[in-house]
Amino acid sequence: MSEPTSSPATSADSTRASAVGKTNPMKQFFASPAGRSIGLVIALLLLVAVGAITAGENFMNIDNFFVIVRYASVIGVIAIGMTFVITAGGIDLSVGSVLGLASVVASVGAVQTAAEGFWPLMVFVSIAVGVLAGLTNGLIIAYGKVVAFIATLAMLVGARGLAELISGRSTQVVNNDGFLDFFRAELLGIDWVVWIFVLVSIAGWFLFNRTTFGRRTVAIGGNATAARLAGVNVKRHTVYLYMIAGACAGIAATMLLSRTTAGTSTHGQLLELDVIAAVVVGGTLLIGGRGTIGGTVLGVMLFAVLVNVFTQNNLSSSWQLVAKGVIIVVAVMLQQRLANREASSSG
Amino acid sequence: MRLCYVHRVIEDDHPVSLLEVRGLAKSFGSAKALTGVDLDVRAGEVHCVLGQNGAGKSTLIKTLSGAHQPDAGEIRWNGESVTIADPVAALELGIATMYQELDVVDGLTIAENIFLGHELARGGVMNRREAAQRTRELMKRLGHPDLSPSREVGTLSPANQQLVSMARALSHDIKLMVMDEPSAVLDSGEVDNLFRVIKELTNQGIAVIYISHRLEEIDRIGDRISVLKDGASQASNLPVKGTSTRELISLMTGTDMEHAFPEHVPVPDDAPVVLEVEGLSLGKHFSDVSLSVRAGEIVGLAGLVGSGRSEILETIYGHRKATAGTVRVNGKELKPGAVTHAVGSQMGLSPEERKSQGLLLEEPIYRNATLSTFARFAKGWLLDEPAERRATEEQMKALELRPAEPDRITRTLSGGNQQKVMLARWLIHGTKVLLLDEPTRGVDVGARMEIYRLIRRLASEGTAILIVSSEIDEVLGLADRVNVIADGRVLDERPAHDIDEHGVLDLIMKGSAA
Ligand SMILES: Nc1ncnc2c1ncn2[C@@H]1O[C@H](COP(=O)(O)OP(=O)(O)OP(=O)(O)O)[C@@H](O)[C@H]1O
Ligand SMILES: [Mg+2]
């Protein structure tokens, strides 16, 4: 992911080129970040083939394709934020609850009424709730020195409770036409929801691979002490990371609001598990230090197609869970195999 | 030659060597680590393996310990050809290894670490009392009866962690003990203790393979020497007696080199004070430390391991938050406990533990070299990786860092070259104040001279340098002024040429007794 592909031919590039020439190019390719994603692409194609064979026309049509992508979009946006957090050696268990809270706050009567003429306020409120939750997480982790697992677990519980209190456990129907009309509209025949996923992915990829922010993220995950001693402000960066994860949950909340036309405190339950699974299957190391946005997108797609194939074949959702579990284990085992081979043969 | 120990005479009528290595080769992908190594080790001898950083010493011993499989060559044990499939197989033969990187588990106790993998158990139930008993015996044998078996290893100093690693090796029934740079983390008193233990082992007929970059140790402890260069045997089984240091250096490096410290350049009287430390204290670690370093001056902190030297550097830098006192750079006071502020004031620290505190091992070299400067190379938020690579390549040349590939994963570099990556980081940064904690730990003779020259050059360009080293002669040879430290206090401060190694040790003895 992080290898520049179009940088000018410097002397560094030429030495690298000659190093590549010395060893088996196939092996070299599969050990490279792009090559590691090839495994995911192959798995994805296999799954599509299974879908095509078992469900035939029902699966292989453009409408179903959009069903899959729309489903993937909500999880996908959160997964992009999660990739940053996990790469830096952290974890955010609260994203599902924060999504629920944001959906409730953005859809309560007061906001909708105020936003009647100006629906972007709903979007703003939703993202702001996410950012605030992330800020709280980040401050508790970085300055309160509570481990991320515990701090975000507390937020998972707390945000869900807050959402129930605000909504009174009742569903908040979205009746802001401006909001609904915008998200129902399409651009170039593609839903706005899907566009948002595409845009967030591209922005995430860029931030991760091309900016100082991304470099700091990887450095902190690789060795936080070394990063600190080199002058990286680890605490401040940690806060930013959880704010990004929160913002992504807020964005996902608006996407879900538009799809379901309702905000409820039960939105996003157990979503954190799907998100973390997609990120890890995509090739980001749970211990931090290595992450890939492209892999995360593929991981999200893999699970989305899987869910769809099972639904199309009228198989119980229980079997879906079993299949997901198997995929997680197999994917992570394959990654480790590749990582080890790379370790013993890198040149 | 300085002989501190009487060498055991090795009977030459010993027909078979304990260990014979012939034509050993090992590659990692395209990198050839070993290309043809020959070695004979006899029972009861100390066999020193020498070579520059990256020569293949650690790779050699990892093939002997079963951690790596050789691509070609033969290993004979007691005259029989053997394959050492894994570390367990090595232990069954009687080969125990202490790796260059400490391999103890921080969260476990001393006893648990020692018997890890071969727990004393009956029917799955650990026999703690027996483990504790045997641990106590082992620690006594190693000269440290004060270390309790139930002490958590994470709380020990690196030197004591190494003792645990050694005790683990001795808990097996061994015939050959392999030690990869054991003295790198030790001060002179602890080195004496290590040599005492080695002597005891060899008296029992156990052979020792000893790796070190400190050539004076070879004279003291070694019986025979084998030299590696670029993965191949340059000389095998030379007797220590009758091989001069000069000869060894030229075998290792292929050039004739003077083993000496670079010329001192007197600091001009009007050079401004750059670093000023006043009354600095850190809880029970050290108290009331005051010192100053002028532009172009090298100040050394001499003291034993555990005297608080590293803590002083880390507190000046803000990695630890001082409980009292001030640090000023060019007259400006630094915020306590704020590393970013120190780095922003052009201060740099090369930490003692480069692996756990300094490097991103899984990242390419250039990203480590520019870890404190990538934001400066960047255009706004946008990274400029080609510029980072160019800057790294420049420093790689200046430091003779090998292999000179900025994209190589840092973990695959030899120890000394990893140290050079740390120095490259601060050279690129261009610091005004450089704090160096053990800058030559694990660095070979050749590179050591380069690093000495480099430190001198930086000083002559006006950098204020504060240096800590366990090797007292290194502090004395490099520094203009020395501060002698014991038990977290500055005992004495004087020009380096006014004192010698014995003087420093005397001061420490008296200071600790007082
Ligand atoms: N896992 C690995 N992958 C690729 N190259 C490696 C690996 N391990 C070692 N090497 C290379 O093999 C060579 C020998 O390394 P080794 O660690 O054996 O050197 P050494 O003699 O122990 O050096 P030092 O004195 O610095 O410890 C080096 O060029 C190193 O970069
Ligand atoms: Mg080594």
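## Terms and model

Buried means under 20% relative accessible area, exposed means over 50%, and partly exposed lies in between. The model discussed here is predicted.

Side chains of opposite charge can pair when their charged atoms come close. Counted over all chains, the structure holds 37 salt bridges.

Start with B:E20 and B:R22. Their side chains meet in a salt bridge, at 3.8 Å from N to O. The two partners can be read against the cut-offs. B:R22 has a relative accessible area of 34%, so this residue is partly exposed. B:E20 has a relative accessible area of 17%, so B:E20 is buried.

Next come B:R328 and B:E278. A salt bridge joins their side chains, with an N to O distance of 3.6 Å. B:R328 lies in strand β16 of chain B, residues 324-329. B:E278 lies in strand β13 of chain B, residues 273-282. The pair therefore ties together parts that are 50 residues apart in sequence. B:E278 is partly exposed, at 41% relative accessible area.

B:E461 is exposed, because its relative accessible area is 54%. B:R457 counts as partly exposed, at 38% relative accessibility.

## A shared network

Some salt bridges share partners. Which residues do they join into one network? The members are A:R215, B:E363, B:R367, B:E385 and B:E388. The network includes A:R215 from chain A and B:E363 from chain B.

## Helix α13 of chain A

Helix α13 of chain A covers residues 234-260. How does its span compare with expectation? At 1.5 Å a residue, the 27 residues should span 39 Å. The end C-alpha atoms are 39 Å apart, which agrees.

Is α13(A) enclosed or open? Of its 27 residues, 20 are buried, so the helix is largely enclosed by the rest of the structure. After the helix comes A:T261, whose phi is positive, near 50°.

## A:T238 within the helix

A:T238 has its place in α13 of chain A. Its relative accessible area is 13%, so A:T238 is buried. Leaving out residues up to four places away in sequence, A:T238 touches A:I141 and A:A142.

Technical notes:
Residues are numbered from 1 along each chain as its sequence is written. Chains are lettered from A and ligands numbered from 1 in the order in which they are written. This is a predicted model: local features need pLDDT of at least 70, side-chain atom pairs count only at pLDDT 80 or more; totals for chains, interfaces and linings use all residues. Side-chain values use heavy atoms; hydrogens and water are left out. A salt bridge is a side-chain nitrogen of Lys or Arg within 4 Å of a carboxyl oxygen of Asp or Glu. Buried means under 20% relative accessible area, exposed over 50%, partly exposed in between (1.4 Å probe, protein chains only). Helices (H or I, at least four residues) and strands (E, at least two) are DSSP runs, numbered from the N terminus. Contact means heavy atoms within 4.5 Å. The expected span of a helix is 1.5 Å times one less than its number of residues.
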